[in-house]
Amino acid sequence: MASPSPARHRLRSILGGSAGNLVEWYDWYAYSAFTLYFAPHFFPKGDQTAQLLNAAAVFAVGFLMRPIGGWLMGVYGDRHGRKAGLTLSVTLMCAGSLIIALTPGYETIGAAAPMLLVLARLMQGLSVGGEYGASATYLSEMAGKKHRGFFSSFQYVTLISGQLVALLVLLVLQAVLSEAALDAWGWRIPFAIGGALAVIVFWLRRRLAETESFENTRGEGRRSGLFALFREHPREAAVVMLLTAGGTLAFYAYSIYLQKFLVNTAGFDRATASQINAGALFGFMLIQPLAGALSDRIGRKPLMVGFGVLGVLLTWPIFTTLESVRSPFAAFLIMFGALVIVTGYTSINAVVKAELFPAHIRTLGVALPYALANALFGGTAEYVALWFKGAGWERGFYWYVTTMIGISLITYLRMRDTAKHSRILED
């Protein structure tokens with residue numbers, strides 16, 4: 001049998017890696033999509049904002065594990081291969097999802113319920129901490145030089161797809177189950193689905209091809225490690241953190257938190273808010289490859305600068321307008337517009353980070369600084385927003401998002417365009 005052509009081999013590997021990434025992010029985002037339903041089961045009864053605040057705190061705890069996952073699994077991926085790192089990450093994600101699906105509620109086992117929820121999120125945090133670096137590196141290295149922005153954009157296509165599938169599962173369950181059934185036990189279904197899909201992904205990832213970049217580093221004698229990263233590449237690590245800070249905060253503010261915002265502030269019911277969120281995310285997913293392909297033609301920097309400028313100017317109007325919007329279609333248009341703005345970051349952030357580092361330390365260089373920025377700004381976005389709301393100054397969160405995007409904008413303006421100065425040497 002003839003071996004597949006290099007182009008077919010490359011495309012098959014990218015599709016295989018992307019499919020696994022989708023399931024990983026579905027498991028991660030199922031927690032956020034179903035927070036409104038499972039929060040009362042894991043925390044003592046109280047007002048809705050208090051329960052959401054507790055659940056958001058656990059969501060943030062998962063993000064705090066992402067730097068550790070980025071460190072440990074980034075080193076693992078640099079030393080043992082991108083494929084090995086991807087396989088390990090999905091194993092941890094599977095275990096975390098099954099724990100959430102099977103854990104009894106607070107009324108049954110008391111404080112053990114939130115403790116097991118925290119354990120599950122810790123495991124998933126380790127998984128996603130390694131997943132981002134491994135998948136971003138794998139897709140960037142597998143893509144050819146001329147289409148690296150286009151193919152690496154599928155890292156966020158699958159990330160968004162995972163979030164969208166979690167929302168679609170929510171919409172289906174809202175349609176087929178009564179509100180009482182969904183509140184009582186139906187919220188466990190998506191976590192059981194995620195655990196089962198992760199088993200399938202484990203098998204798929206064991207069959208992936210390794211990247212040429214990793215194979216070329218074998219025998220060089222250079223080792224990936226925490227001290228090596230910050231000793232040899234301190235500027236690149238700092239750039240990754242700073243360019244990520246505003247981008248990841250904007251993404252979580254414009255997508256995940258907005259679902260709660262539409263219910264808790266704008267006054268939409270939960271089903272309508274989920275439909276608005278799903279529609280906006282679907283359009284957002286479709287435009288990622290278009291922006292990635294554009295970066296192959298004009299460079300990465302113009303897209304990031306565009307996000308920074310528009311994010312600084314429009315974040316305040318976006319949130320203040322949504323406060324009083326009553327039309328679901330108008331809310332959809334505003335949310336989609338916000339996501340179009342952040343596309344200048346999401347579509348190319350993976351390839352920009354991968355292009356900053358040499359192959360022997362690339363997975364760690366992408367994963368750890370990104371995970372640190374996510375723990376500080378992405379994972380805490382909901383908690384900070386709800387804290388401002390609880391303190392009676394909800395609009396303070398809008399200023400916070402605007403400020404962090406502004407800090408990232410300064411970084412975009414000062415850095416070189418990685419499309420022209422890439423450290424991924426293979427064609």
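Tutor: A polar contact is a pair of N or O atoms within 3.5 Å, of which, within protein, one must be able to donate a hydrogen and the other to accept it. Please bear in mind that the model is predicted.

Student: With which side chain does the side chain of Asp 27 make a polar contact?

Tutor: Asp 27 belongs to helix α1, which spans residues 6-33. Beyond its neighbours within four places in sequence, Asp 27 has contacts that include Met 93, Ser 97 and Gln 124. The polar contact, at 3.4 Å, joins the side chain of Asp 27 to that of Ser 97.

Student: How far from Asp 27 is the nearest side chain of opposite charge?

Tutor: Asp 27 is buried and has no salt bridge. A salt bridge requires a side-chain nitrogen of Lys or Arg within 4 Å of a carboxyl oxygen of Asp or Glu. The nearest side chain of opposite charge is that of Arg 121, at 8.8 Å.

Student: Is Ala 359 buried or exposed?

Tutor: Ala 359 is located in the loop between α19 (349-354) and α20 (362-378). Not counting residues up to four places away in sequence, Ala 359 touches Asp 78, Arg 82, Ser 213 and Thr 217. Because its relative accessibility is 14%, Ala 359 counts as buried.

Student: What is the area of the nonpolar surface patch that contains Ile 200?

Tutor: Ile 200 is part of helix α11, residues 189-205. With a relative accessibility of 47%, Ile 200 counts as partly exposed. Together with Ile 193, Leu 197, Trp 203 and Leu 204, Ile 200 makes a nonpolar surface patch of about 440 Å².

Note on methods
Residues numbered from 1 in each chain as written. Predicted model: local features only at pLDDT ≥ 70, side-chain atom pairs only at ≥ 80, totals over all residues. Heavy atoms only, no water. Helix = DSSP H or I, 4+ residues; strand = E, 2+ residues; numbered from the N terminus. Buried < 20%, exposed > 50% of the residue type's maximum accessible area, 1.4 Å probe, protein only. Lys, Arg positive; Asp, Glu negative; His and termini not counted. Contact = heavy atoms within 4.5 Å. Patch = residues over 30% accessible without salt bridge, like charges linked within 9 Å, V, L, I, M, F, W, Y side chains within 5 Å. Areas by Shrake-Rupley, 256 points an atom, 1.4 Å probe, with all protein chains shown as cover.
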